[in-house]
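Dear colleague,

Please find the structure below for your own work. My notes on its fold and its charged side chains follow.

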Amino acid sequence: MDTLTRLETTIANRREADPDTSYVAQLNHRGLPIMARKLGEEAVEACVAALSGSREELVGEAADVLFHLMVLLGAKDVTLAEVLAELDRREGTSGIDEKNSRSA
């Protein structure tokens, strides 16, 4: 089992835990707007780290982005397998072509 799959399992197991003892449970208890905002904050922090931080800061912020994305996906019942399947579907397609196909 790879790291993201283990993380998905951990998040699922903690979703219904006591919010006083689990950050994942706290986020779920507070709702989707809070989860989405937190993901956005972490994404901005990753961008800032990429532009002006150290390599270690970027690694840490990237991990935060992945974690919060996985929490949000779990709350919406979107599995990692679904996201990976979408990436597989896009593999070998130019990013420009793929983006243009979505706006058509």
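**Salt bridges along the helices**

Glu 41 and Arg 37 are both part of helix H3, four residues apart, about one turn of the helix. Helices here are DSSP runs of H or I with at least four residues, strands are runs of E with at least two, and both are numbered from the N terminus. Please note that this is a predicted model, in which local features need pLDDT of at least 70 and side-chain atom pairs count only at pLDDT 80 or more, while totals for chains, interfaces and linings use all residues. Residues are numbered from 1 along each chain as its sequence is written, and side-chain values use heavy atoms, with hydrogens and water left out.

Glu 41 forms a salt bridge with Arg 37, with 3.2 Å between the closest N and O atoms. The term salt bridge stands for a side-chain nitrogen of Lys or Arg within 4 Å of a carboxyl oxygen of Asp or Glu. Glu 41 also forms a salt bridge with Lys 38, where the closest N and O atoms are 3.8 Å apart. Glu 41 and Lys 38 both lie in helix H3, three residues apart, which is again about one turn. An α-helix has 3.6 residues a turn, so residues three or four places apart point the same way.

How accessible are these side chains? Glu 41 is partly exposed, at a relative accessible area of 33%; Arg 37 is partly exposed at 47%, and Lys 38 is partly exposed at 22%. For these classes, buried means under 20% relative accessible area, exposed means over 50%, and partly exposed lies in between (1.4 Å probe, protein chains only).

In helix H5, Glu 86 and Arg 90 are four residues apart, about one turn of the helix. Glu 86 forms a salt bridge with Arg 90, the closest N and O atoms lying 2.9 Å apart. Glu 86 counts as partly exposed at 27% relative accessibility, and Arg 90 is partly exposed with a relative accessible area of 29%. Returning to helix H3 residues such as Glu 41, salt bridges that share partners join Arg 37, Lys 38, Glu 41 and Glu 42 into one network. A search of the whole structure finds five salt bridges.

**Helix H4 and its cover**

The buried residues of H4 include Glu 61, Phe 67, His 68 and Leu 72. Among the elements that cover the buried residues of H4 are helix H1 (3-14), helix H2 (23-30), helix H3 (32-52) and helix H5 (80-90). Just after H4, Asp 77 takes a positive phi of about 55°.

**The chain as a whole**

The protein chain has six helices and zero strands. Its C-alpha atoms fill a box of roughly 45 × 35 × 30 Å along the principal axes. Of the 104 residues in the protein chain, 22% are buried. Among contacts (heavy atoms within 4.5 Å) between residues at least 6 apart in sequence, 50% join residues at least 24 apart.

With kind regards
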